[in-house]
Amino acid sequence: MNTRSSMTRLGAASVLTAVMLLTSACKKENKEAGGETAAPGTATAPAAEKKPAAGAKIALLLPESKTARYESHDRPHFERKVKELCSECEVIYSNADQDASKQQNQAEAALTNGAQVLVLDPVDSASAAAIVTRAKQSKIPVVSYDRLITGADVDYYISFDNEQVGKLQGTALVDKLKADGKAAGTIVVINGAPTDNNAKLFKAGAHSIIDGSGLKIGAEYDTPDWSPDKAQQQMEQAITAIGKDKIAGVYCANDGTAGGAIAAMKAAGVKPLPPVTGQDAELAGIQRIIAGEQFMTVYKAIKPEAETAAELAVALARGQPAPAGKVNGKVNNGQKDVPSILLTPVSVTKDNVKSTVVADGFWKAEEICAGDYKEACATAQLQ
Ligand code: BGC
């Protein structure tokens with residue numbers, strides 16, 4: 001950790017040297033990637049290069065705010081870690097609210113504002129390639145954060161093993177329905193946004209377990225924008241099509257969509273609620289699990305994901321490669337094998353809330369057990 005503490009002592013002069021190093025490192029990288037993918041009409045105004053920044057500016061571009069993780073975990077952990085490693089650095093933060101063209105504008109604004117690194121969680125994995133092309137014209141490195149940017153010259157990718165997320169969800173649902181004597185039951189499948197590469201991986205992972213398990217898929221939907229409201233409407237349709245007493249289980253790709261599906265079932269008087277899957281271990285999801293309304297979620301430790309992205313971004317801003325020992329794989333994004341850092345997801349049910357999210361400090365028992373959840377927490381021996 002010597003390197004890290006000496007890095008934090010870097011002064012303005014060293015930052016300038018780092019910027020120069022970064023420029024030459026990126027020149028080399030751009031040559032390797034061919035640099036011929038520039039969109040016509042976008043080759044002017046490499047504003048980021050011209051501005052002598054007082055401290056490195058790092059852009060964090062997140063995709064939406066309906067899913068709680070981004071504002072409650074990703075952003076604060078990232079910003080805190082950048083400050084810790086580089087007090088003179090500035091984070092330019094934007095959230096695209098699920099709007100790909102808004103994200104394009106936000107990236108453009110960050111570059112104009114002098115961002116020296118883009119940490120980009122794309123709304124649309126494919127169209128975000130244009131942002132990468134634009135950044136590369138200004139010789140700015142791009143870290144693909146949580147969602148893979150496809151068909152682009154991305155420098156690094158940091159995420160979880162996303163196919164494994166889908167497998168954990170599928171396995172939990174199949175095993176639970178077997179245990180309940182419903183191994184041949186009918187389920188509803190609610191996937192994520194088709195524009196999100198992660199959603200494709202969750203879906204593939206889940207199908208690899210569900211298909212051939214004996215369960216029947218009565219209805220399946222992709223959920224544009226990962227919108228909980230759309231998931232609720234889809235579940236209403238599924239209830240009408242299948243019948244409210246004939247749904248053995250519901251696969252939902254994340255806790256937001258699970259919340260929508262559960263709301264639709266409660267409104268339709270489905271009782272008892274069938275097992276529902278989720279992802280993100282968001283507070284509302286964990287509370288539903290404790291209260292017995294949602295069967296499982298997938299805990300992805302966002303703190304190390306955001307902190308590692310911050311370490312990577314600070315290193316890149318200083319013209320250095322990824323900190324040693326972090327990169328643990330490569331993921332092909334259709335254009336190249338992107339050096340990747342992939343973390344491990346964990347399946348969570350009522351039985352292991354305490355030993356996972358609580359033990360890890362993701363949520364405190366007091367937060368989960370506030371208000372209406374006091375009693376359920378006592379039964380689940382959380383408090
Ligand atoms: C993330 C999930 C999140 C979903 C909706 C995915 O790309 O990996 O954690 O729930 O997007 O924002």
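Predicted model: local features only at pLDDT ≥ 70, side-chain atom pairs only at ≥ 80, totals over all residues.

Reader: Which residues of α11 are buried?

Author: Buried means under 20% relative accessible area, exposed over 50%, and partly exposed in between (1.4 Å probe, protein chains only). Helices (H or I, at least four residues) and strands (E, at least two) are DSSP runs, numbered from the N terminus. In α11 the buried residues are G285, I286, Q287, R288, I289 and I290. Helix α11 spans residues 283-290 and is mostly covered, with 6 of its 8 residues buried. Just after α11, G292 has a positive phi of about 85°.

Reader: What do the buried residues of α11 pack against?

Author: Contact means heavy atoms within 4.5 Å. The buried residues of α11 pack against several elements, including α10 (255-267), β9 (297-299) and β12 (346-348). Among the others are α13 (354-358), α14 (365-368) and α15 (374-379).

Reader: How should I read the pairing of strands, and in what order do β7, β6 and β8 lie?

Author: Two strands pair if DSSP finds at least two bridges between them. Here 3 strands form an open sheet in the order β7-β6-β8, with parallel pairing. Because β7 (216-221) and β8 (249-252) stand at the edges with a single partner strand each, one side of each is left without a neighbour in the sheet. From one strand to the next, the twist averages 20°. Strand β6 (residues 186-190) is joined to β8 by 4 bridges, and I190 stands opposite C252 in β8.

Reader: Which helix packs on the sheet?

Author: Axes are lines fitted to C-alpha atoms, for helices over the stretch in contact, and angles run from 0 to 180 degrees between N-to-C directions. Helix α7 (residues 162-179) packs on the sheet and touches β6 and β8. The direction of α7 makes about 175° with that of β8.

Reader: Where does β11 find its partners, and in which sense, parallel or antiparallel, does each pair run?

Author: Strand β11 (residues 337-343) pairs with β5 (residues 156-160) in the parallel sense over 4 bridges, and I158 stands opposite I341. Strand β10 (residues 329-332) runs antiparallel to β11, again with 4 bridges; N332 has D337 as its bridge partner. β10 and β11 form a hairpin with 4 residues between them, and G334 in the turn has a positive phi of about 95°.

Reader: How many residues surround the ligand, and which are the closest?

Author: A residue is near a molecule if one of its heavy atoms lies within 4 Å of it. The ligand is surrounded by 14 residues, the closest being E64, Y70, D146, D196 and D280.

Reader: Which polar side-chain atoms lie by its oxygen atoms?

Author: A polar contact is a pair of N or O atoms within 3.5 Å; within protein, one must be able to donate a hydrogen and the other to accept it, and residues adjacent in sequence count only if both atoms are side-chain atoms. A polar side-chain atom of T67 is 3.4 Å from a ligand oxygen atom. For R69, an N or O atom in the side chain is 2.8 Å from an oxygen atom of the ligand, and for R147 a polar side-chain atom lies 2.8 Å from a ligand oxygen atom.

How values were computed: Residues numbered from 1 in each chain as written. Heavy atoms only, no water.
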